[in-house]
Structure formats: C-alpha cells, structure tokens
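I opened this model to look up a few points of packing and pairing. My entries follow.

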Amino acid sequence: MCTAHREYFDSMPCYLTVQDRDFKIIDANREFTEKFGEHEGRYCYQVYKQRPEKCEDCPVERTFRDGRRHKSEELVTTLNGRDVWVIVYTTPIKNEKGEITAVMEMSTDITDIKLLHQALRDSQSKYMQLFEKVPCFISIQDRDLRITEANRMHREAFGTAYGKKCFEVYKHRSKECQPCIVKQTFNDGEIRVHEEVVTKENGERMNVLVHTAPLRNDAGEIDKVIEMSTDITQIRQLQDKLTSVGLLIGSISHGIKGLLNGLDGGIYLVNSGLKKDNRDRIDQGWEIAIRNVDRIRSMVMDILYYAKDRDPNWEPIEAVDFIRDICSNFTEKANKLGIACSCDAQYGAGEFEADRMMVRSMLVNLVENSIDACRVDSKKDDHRVSVELEGTPESVIFRIADTGIGMDRETREKAFSLFFSSKGAGGTGLGLFIAHKIVKSHGGSIKIESEEGQGSTFTVELPRVKPAVLEKVEDKKLCPGGADNGQEDSDS
Amino acid sequence: MAKKILIVDDEPDMVTLLTTLLEDNGYETVSAYNGIEGMEKVQSDNPDLITLDITMDKETGIKMYRKLCQAGSQIPVIMVTGISDALGTFLGRYKDTTEPAGYFEKPIDNEALLAKIKELIG
C-alpha cells in the first residue's frame, strides 16, 4: 500500500481490518487500533468478541466463499469493555489472477442510532399499550368512516372488524349519522364532542360521550380521525333518576296541596256543624277528612314504593280469598258514597305466584281509582264498581270496572305515565305508573278500556307461575305521554 | 236579598266546602262541575260572582273564563286553583281576556276569600 493510500486507510472514520482465510487480522487502520488495540497475531473473533473460535455466521467467511460483499450487524466489545453496535460490510481483495487472498471488513459504530431505535421502540410500545388499555373506546377512521384501527375495549364491545364503517359498528345503521362529527373534524380539523347512544355487539345500549380529533400526516394534511368514546350510561341513568326525583317532589307538593285543601274543607264542615249543632254537616265533614287522610296514606305508600325499587317476593297466593279480602275493605267506603260494589270471584280460580304486598297495593290502587271516578261523576245517579276474578290454565285475570267519568283518548294513552294525573290537584301521577310497574315486574299485562262519560275497565293478567325471564322495568318514562305508554300494554 | 255565587269545581269536596262556607256567611250558592255546566248556570241563575276552578276535565276554567270575557260579562270571577303558575301572566297572553277579579291558590285561606268576596260584591 502506498503512503497516500495508507494515510486514507488510517484516517477512515470506521474500523477497517484486512483478514485472511483463518480470520486472522493482517492489517487494521488507526481507528481500529485505538479502540481495540494491536492486531498483530490476533484473530477477528478474539479482538471483537473475545471468543475462542469464529462466529457461527461470519460475513468474512461468506465473502471468501462467494466473492461477494456482505453485510451484518454485530455487537462488539472495545478494549475498555464498552459494548458497541456496529454495522459490518465485507469486500474481497483479489490478486492479479482474480483469486481472493483476503477480505476487507469495514465496521461502522451505530451504537447511538441503535439506542435511538430502542427508545423509539419503547415509546411506540408504550403508546400502543396506552391505546390498547385506556378505559374508553378508541377507533381510528379514514375519510370513508372506515375503522382502520381500534383498541381492545372497542374490539371487545363492538366486535369491530377493520374496514367496517363506523355507523355499522356503533349503530347497526346502513347510512351515516347526521350530524357526523368525524366528517366535521375531517373538514375543519377541529376537536368535536357529541353525545350518542350506541349499541354493543350483545345488543346492550350505551350512552357515550364522543370526542374526535384530527390525525395529520407529515405534510400536515388530515389523513385520519381518532374517535374516543366514553361510557356515560351510569351518569345518564343517575341524571334521569335525579330528574325524576325533582319531578316527584313537585308532583308530591302539588298532591299534598290538594289533600290539605280537602282536609281544610272537612275540618271547616265539622267546625261549622259543631257551631250550628248540625249532625249531618259534622258527618259530612268527617267523611271528607277521613277520605283525605286515606289518600295521604296511599300517597305515602306510593312514594315509598317508588323510592324503593325492589324485586317481587314470590309466594303462592290463593286468588279467591285474596280478592275477596281486598273487596271487603272497600264495600263500606263505596256504599257511603252511594256507589254499589260487587266482587265476583270465579270459584276455583286457584293459586298464583306473586308478591302479595305488591299485587295487593296495585289492585287497591285500581279499585280506589274506580271509586274516585264514580265519586266525581255528577252526570249519573247510580254508580257501580265491580271486581271480577277469572282463572285460566296459565294466568289469573283481575277485572276492575266502574261506571264513573271514564277517560278520553289522551288520558287513556297517558294513564301509565309517571307524573301524569287527570285528577288535577288531587293526584300525584304515581298510582297507575306504579301499578304498571308492579304488573310488569310480575311478567303480566295491564290494559284499559274506557269511554268518556261511560266508565273504565282495567284488566290485569298475571301469570300463574313466576316467568323464567323477567323484563327489567325501567323508570325512563318520565314525561307525561312518554313514548310507549299505550293504553294497551300487553307487550312483554 | 242575598247575593248569589256560582261555584264551578269538578271536585265534589271543594264544592261542598265552598257551598257551606259561603252559605254560612250569608250568600246564596249554585254549583257546577265543569265549564259547560258553569256557562249554563250563568245564563239560568244570573250569579253576582263566580268562583272558578282551573283544572277540570271537560271544559277547563280558563276556557270558561275566556268565554265569559268574550261575551262581555261583568260578573267578577275569582280563580281558585291548585296550579301555582303565574296565572295572570298566562291569561294576559290572550288579547280579549282581562285579569280575573281575584286569584286564590288551594288550599284556600277561607278568611281571605270571604274578605275578597265582600270587597267585590258586599
């Protein structure tokens, strides 16, 4: 090697060695010598790796074999014991005849790059873990609203298949939603928030708060949108409950005002009767007072029942005795108001399974309603409330009919809605709502037939045995006239 | 001659109370259970004053009151109601309706009601 070449060879900013077929180092540059020491009489594997024999996969060996250049990545150790990652290139050195006499090996220190790579991989895996494990539903969508990536919660809840469209996965819809905040974010790059109701793979409905944010490529263009949904079902349920508690308080205050008015009236009549020594007036006032106290009692029971959402306590009940007992409590009360009362229980109607307290309070409520409907009816002279019991092989049927004021269509349709009352100041709008809830909790049905001015008939059908699957009755029907409070409610 | 008061309310207990209260205090009374019946009694009995409930099925008190205003009736009307909304404002939305002569929320303060009636018709 001439002096100039020697100089170039020595000053190359990498480790250069020339090795013979035994991997013995026959020459090396300055950089090598500084880091790995003198090479005289030493072998590549000894110097670089402190091994007693050659490495299993050796690029120098490969170059000797096929005369071509080879590349590999190795971890080597310097004189002072520092580990260094190098990228190794080998090239053959040939004589005039073209025979390979030696191989030149060039190793470049890539430790810094290697460390950077490692850090990058670590942070990528951290982000991946974050993406996967974050407790909300994350998806990444393209401009066609196709889901290109989704985290574990998303995949588990929605059975997400990549390439499927967002609205298919979330809402089982065939068209995109209006408005679509993912589209909006694609258009203007703004972060958006929206509340949605979505359906999980198992059919469960879930209220979610959805956030969208743009994902930009290197050129700064929005290339994907990330959508993050948080389950807020519990918060919504709580809100619904709170709203209904608010409504309940309003409704109760209203009802109490009405009842106080009735009590005031009764007391006034009693006082006036005492002053004038008018026995009839005293009796009349006392009746009114007693009736209003009764109403306060049943109102308090309703409120308690509403506040305590319990499952039925099932027990076998002998239907005929049960209904006769209820009727006997009303006959006198009704007769005093000039209302005839009848109880027609089919002999041998048999037993049924139910919560005695709940079904009793439901039927009492219905009978009280019937008596009330007659009491306030000034159009007819004769009024009648009749209670019937009928047994079928699968169910028991209670029919409570009256000849009172009846209901128009609107009242009939809203009858089971929470806080709907046709009684003005006299009602809380709880009674029939709870009656409906009790029937549902027993897997039964309740329906109304009614005509304004003619009277109403309530038919309650309860299964004889506790049904295997019972629908959970939600308190969602908050507003009077809520969506599905039809007068016929035999769905189950 | 005793002044005649028409009581319109769909709640029989309320009618009983008002009838007794007013008769005890020297008034003559007639009663009706809804707005339609009420209008009939206005015609047939020519009352000096009307107490009118608002929430009644059939015809509400508001509807009956508007009818009275439209007919140019001069009979003072006292609204008696369980609804605690600002009723005057509500009725004020109608051009052809003036505010009622009196307005009482249930439960009624008997003495205040009697005082108001005395002020209106003596």
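The model is a predicted one. H12 spans residues 356-375 of chain A, and H14 spans residues 431-441 of chain A. I found that their axes come within 9 Å and cross at roughly 140°.

Next I listed the residues that make this contact. H12(A) brings A:Met358, A:Val359, A:Met362, A:Asn365, A:Leu366 and A:Asn369. H14(A) brings A:Gly431, A:Ala435, A:Ile438 and A:Val439. I sorted them into 7 nonpolar, 3 polar and no charged.

Then I turned to where the chains touch. The contact takes 21 residues from chain A and 18 residues from chain B. Which helix gives the most to the side of chain A that touches chain B? I noted H9(A), with 11 residues. Helix H10 (279-307) of chain A also supplies at least two. That side of chain A divides into 6 nonpolar, 11 polar and 4 charged residues.

My last stop was a sheet in chain B. This open sheet has 5 strands in the order E2-E1-E3-E4-E5, with parallel pairing. I marked E2 (28-32) and E5 (102-105) of chain B as the edge strands. From one strand to the next, the twist averages 20°. E1(B) and E3(B) pair over 4 bridges. In E3(B), B:Ile50 is the bridge partner of B:Leu6.

I also checked which helices lie on these strands. H2 (residues 35-45) of chain B lies across E1 and E2 of chain B, at about 165° to E1(B). H5 (residues 110-121) of chain B touches E3, E4 and E5 of chain B. The direction of H5 makes about 140° with that of E3(B).

How values were computed. Residues are numbered from 1 along each chain as its sequence is written. Chains are lettered from A and ligands numbered from 1 in the order in which they are written. This is a predicted model: local features need pLDDT of at least 70, side-chain atom pairs count only at pLDDT 80 or more; totals for chains, interfaces and linings use all residues. Axes are lines fitted to C-alpha atoms, for helices over the stretch in contact, and angles run from 0 to 180 degrees between N-to-C directions. Two residues are in contact if their C-beta atoms, placed from the backbone, lie within 7 Å. Ala, Val, Leu, Ile, Met, Phe, Trp, Tyr, Cys and Pro count as nonpolar, Asp, Glu, Lys and Arg as charged, and the others, Gly among them, as polar. Two strands pair if DSSP finds at least two bridges between them.
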